[in-house]
Amino acid sequence: MLNGDLKNNALEELKKEESRREAIGKTVVSASEKLYKKRQNISVAIIPVVENYINSIANTPREFDDAVKKLHISYNKFKAQVKLAEKAYEEAKIVAKGTGTGVAAGVGVVALAPGAAMAVATTFGTASTGAAISALSGAAATNAALAWIGGGALVAGGGGMAGGNALLALAGPVGWSIGLVSLGFGTYLMRQKNEKIAQEANGVKVKVGKEIAILNASLIDINGMSLEISTHSNGVLKQLKILEGSNALTSIIRKFRKRTFNDFSKDEKQQLMALVNNVNSLSMLLVKNVKR
Amino acid sequence: MNKKNYYQEQAIGGVANIINQDRVQEMNKLVIENSKYQNSLLQKQDLNFTEALKEVNKVRDFVNNPKNILGSDLTKHGEVAESLEVHIRNAKDVLEGKIKVVTFEGVGRTAPEDYLINGVDVQSKFYNGINNTLNKGILEHMGKYETFGRNGSFYHIPKDQYETIEKVMNGESIKGLTQGTIDKIKDNISKIELRSGQTFTDVVKPGISNYNEVQLGIVHKTIDGHEEAVELRHEKIQNSINDDSKLKRETIKVEHQPSLDEALKIVGIGAIIGGASSIILNIYEKKKEGKSLNDFSSDDWKSVGVDFSKGAAKGGVTGGVIYGITNYSDIGAPIASAMVSASFGVAKLAEAYKEGKISQNEYIDQGQLLCLDSGAVALGATAGQVLIPIPIVGALVGTYATKIFMTISAKHLSKKSNEIKRILDREYSEAMARFNVHYQKLISEILEEYENVGGIMKIAFDFDMNNSVLNLNASIELAELHGVDKKRILRTDNDFEDYFLL
């Protein structure tokens with residue numbers, strides 16, 4: 001009658017949408033963490049090995065680790081951000097201890113532990129890291145809105161009770177008229193208020209729904225990247241193994257002299273060039289971000 | 001919409017109202033009677049006062065008309081004294097509501113008496129000097145009339161002279177009197193007692209005036225003094241009438257204050273109403289289930305009994321609280337009843353909330369609804385009672401009308417709520433549908449890209465087909481796709497030489 005059901009319904013649905021977002025956010029974070037670990041692994045386990053091999057053939061040493069360096073530069077940038085995140089995390093934990101679990105759930109940073117923050121930062125890139133973290137832990141903003149809505153309703157309820165008491169103390173025809181108008185107007189106001197809350201909750205629900213969709217897209221992108229880098233690095237390893245298995249190349253490597261053009265077959269030249277190209281591609285994949 | 005029914009509280013409130021009104025009406029009746037009585041007393045007193053003033057004016061008229069006065073100018077004060085004696089005495093009696101006892105009626109111009117008091121003859125003797133009064137006045141008169149002063153009749157003399165004589169008789173010393181005069185007074189007293197055969201005080205009594213007060217030059221002042229005394233006395237009587245009435249009214253109010261006895265009476269009636277309606281409801285529900293009274297098991301009757309006790313307890317509390325509120329505040333029975341209803345309702349909700357049966361939101365929402373409902377019922381019941389001046393029925397009809405109104409409003413408003421809900425749902429699905437177009441495009445872009453890259457990778461890393469040209473070309477394509485610096489991509493024999501052989 002006072003649109004109370006309307007309000008409660010809207011808030012309930014918003015809560016459900018909110019927890020859906022939390023869930024997909026967690027999935028995105030864990031996918032990011034997996035990708036991060038994979039990239040770290042490739043940067044120490046594959047690229048230096050290929051580099052070694054190439055340099056055992058090339059007359060002048062060649063470096064691939066500028067890509068690795070690039071990765072480290074990116075990591076250092078992220079680390080600064082992660083430090084900030086860690087600080088906020090610790091502070092939030094202290095606050096959470098003082099005020100109970102409700103706040104812990106409400107403060108987004110807490111939901112994102114430092115390790116995960118690093119993973120998220122490298123997955124989504126420098127520019128969008130802040131936005132990404134807030135998107136993943138947007139619960140904070142929405143929960144604040146919920147708290148406001150809840151508080152608003154409580155305050156209004158209090159006023160309603162006090163108003164009711166004042167009304168009951170009224171007597172006489174003038175009092176009745178005032179009472180009647182107050183009752184009607186109070187009902188109207190309460191309905192309006194609850195309707196407004198329902199509308200706001202519905203608006204937030206749309207926003208959360210969009211965020212869920214974007215996180216879904218990100219998840220597909222991250223999984224694609226993960227598969228891509230796995231396939232690519234496996235391919236590079238396979239290629240390296242084939243080249244290492246070639247007796248002709250091995251004998252060239254063992255002769256400590258300057259190599260000449262005719263030392264290599266056409267296939268060998270093409271495979272070596274392809275390996276260099278592929279390692280360069282792999283380096284780029286290490287620092288590729290989710291752009292959407 | 002909550003199912004709270006307000007009828008029981010309103011019914012008990014109606015009973016409390018009747019009992020309160022009975023008491024208040026009885027009190028009002030007594031107070032009005034008291035006021036009427038007070039007015040009649042005051043009116044009567046006003047009449048007495050007018051009569052008293054008339055008596056005083058008779059003396060004035062007498063004095064203002066010297067023709068009336070017998071004897072020489074020197075002895076005219078004797079008649080003035082008589083007039084004062086008669087009329088002022090009467091004025092004082094009339095003022096007090098008594099009948100006049102002093103009169104000139106039936107007294108001849110030359111009779112031995114001057115006036116009658118309660119039918120007893122009185123001769124007034126005002127001479128200058130006590131012994132003149134006693135000797136020339138009384139003793140000579142006794143000599144002239146043989147029975148006067150001996151048959152119950154008596155003499156009035158100036159008040160001041162009488163007081164002096166009393167002192168002489170008591171042996172007190174008196175300033176300004178020689179021993180000779182005192183002895184003479186004693187002698188005269190003895191003579192009067194001897195001649196009358198009675199004590200002096202039986203034969204001679206003080207008049208209301210002193211000797212000099214009745215003299216022609218002074219008598220106007222004397223009359224004014226008496227008039228003033230009458231006025232003062234009148235005021236005093238008026239005040240005492242008012243004070244008495246006020247005291248009486250206060251007593252009436254105290255006697256008609258709300259009492260524990262009456263409160264208990266309403267508690268009892270409340271308990272009966274509460275218990276009875278619970279029984280009726282219980283039996284009605286059992287009947288609805290298809291049980292006839294004959295089929296009732298002992299358990300069924302037990303539940304009726306339990307319901308009765310619960311209903312009675314609640315009804316009793318309701319009655320007591322309503323009695324308290326209506327008597328110790330300015331709140332009327334219908335509103336007090338609604339307050340009790342709301343209190344019970346909120347208490348029930350609070351209990352449900354404490355037990356975890358309802359959420360905080362539900363507690364707040366239903367509490368608000370309940371208070372809104374109660375407020376409306378309070379207004380409705382009050383209006384009903386005013387419009388339909390039948391005790392209890394008016395309030396109940398008002399309550400019923402309000403409940404119907406509230407139910408219809410609730411239906412109408414929840415219809416509206418549902419409409420809003422539909423609008424909100426549509427807004428959400430429309431927004432999401434619009435967004436979905438964009439989202440699907442994004443997803444297909446992502447998938448397309450990976451499919452494309454996946455296809456190239458397949459060729460780049462397929463070494464079983466023994467086609468290095470294809471492997472190299474695919475690697476070039478991948479490097480380009482992944483944004484490798486073009487100068488660093490190896491494509492030709494020259495590139496090979498530059499990279500490996502320099």
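Predicted model: local features only at pLDDT ≥ 70, side-chain atom pairs only at ≥ 80, totals over all residues.
User: Thanks! How many helices and how many strands does chain A have?
Analyst: Reading along the sequence, chain A follows the pattern α-α-α-α-α-α-α-α-α-α-α. The count for chain A is therefore eleven helices and zero strands.

User: And which percentage of the accessible surface of chain A belongs to carbon and sulfur atoms?
Analyst: Chain A has an accessible surface of about 13800 Å². Of that surface, the part that belongs to carbon and sulfur atoms is 63%.

User: Staying with chain A, what share of its contacts with a separation of 6 or more comes from residues 24 or more positions apart?
Analyst: Contact here means heavy atoms within 4.5 Å. Taking the contacts in chain A with a separation of 6 or more, residues 24 or more positions apart account for 83%.

User: Let's turn to chain B. How many helices and strands are there, and what percentage of its residues is buried?
Analyst: Chain B contains 14 helices and five strands. It has 502 residues. The buried residues among them make up 42%.

User: What are the corresponding values for the contacts and the accessible surface of chain B?
Analyst: In chain B, residues 24 or more positions apart account for 67% of the contacts with a separation of 6 or more. The accessible surface of chain B comes to about 27600 Å². The part of that surface belonging to carbon and sulfur atoms is 55%.

User: Now for some helix packing. How are H1(B) and H8(B) oriented to each other?
Analyst: Helix H1 of chain B spans residues 7-64, and helix H8 of chain B spans residues 260-288. Their axes come within 10 Å and cross at roughly 155°. Angles over 145 degrees count as roughly antiparallel, so H1(B) and H8(B) are roughly antiparallel.

User: Which hand does that crossing have, and how do the residues of the contact divide?
Analyst: H1(B) and H8(B) cross in a right-handed way. On the H1(B) side the contact includes Ile12(B), Val15(B) and Ile19(B), while H8(B) brings residues including Ile266(B), Ile269(B) and Ile273(B). By class, the residues of this contact are eight nonpolar, five polar and three charged.

User: H1(B) also packs with H9(B). What is the orientation there?
Analyst: Helix H9 of chain B covers residues 298-328, and its axis is 9 Å from that of H1(B), at an angle of about 45°. Angles under 35 degrees count as roughly parallel and 65 to 115 as roughly perpendicular, and therefore H1(B) and H9(B) are oblique.

User: Which residues meet in that contact, and into which classes do they divide?
Analyst: The crossing of H1(B) with H9(B) is right-handed. Residues of H1(B) including Gln8(B), Gly13(B) and Ala16(B) meet residues of H9(B), among them Gly311(B), Gly315(B) and Gly319(B). The classes in the contact of H1(B) with H9(B) are four nonpolar, nine polar and three charged.

User: Is Tyr155(B) buried or exposed?
Analyst: Tyr155(B) sits in strand E4 (residues 154-157) of chain B. Leaving out residues up to four places away in sequence, it touches residues including Gln123(B), Ile138(B), Phe148(B) and Val203(B). The C-alpha atom of Gln123(B), 32 residues apart along the chain, is 4.8 Å from that of Tyr155(B). With a relative accessible area of 0%, Tyr155(B) is buried.

User: And His87(B), is that buried or exposed?
Analyst: His87(B) belongs to helix H2 (residues 76-95) of chain B. Not counting residues up to four places away in sequence, it touches Glu55(B), Lys58(B), Val59(B) and Phe104(B). Its relative accessibility is 12%, so His87(B) counts as buried.

User: Last one! Asn118(B) has a positive phi and so does Asn466(B); are they buried or exposed?
Analyst: Asn118(B), with phi of about 50°, lies in the loop between strand E2 (115-117) and strand E3 (120-124). Asn466(B), with phi near 55°, is in the loop between helix H12 (393-460) and helix H13 (468-481). The relative accessibility of Asn118(B) is 59%, and the relative accessible area of Asn466(B) is 69%. Asn118(B) counts as exposed, and Asn466(B) is likewise exposed.

Definitions and conventions
Residues numbered from 1 in each chain as written. Chains lettered and ligands numbered in written order. Heavy atoms only, no water. Axes fitted to C-alpha atoms, helices over the stretch in contact; angles between N-to-C directions. Helix = DSSP H or I, 4+ residues; strand = E, 2+ residues; numbered from the N terminus. Left-handed = near helix turned anticlockwise from the far one by under 90°. Nonpolar A, V, L, I, M, F, W, Y, C, P; charged D, E, K, R; others polar. Areas by Shrake-Rupley, 256 points an atom, 1.4 Å probe, with all protein chains shown as cover. Buried < 20%, exposed > 50% of the residue type's maximum accessible area, 1.4 Å probe, protein only.
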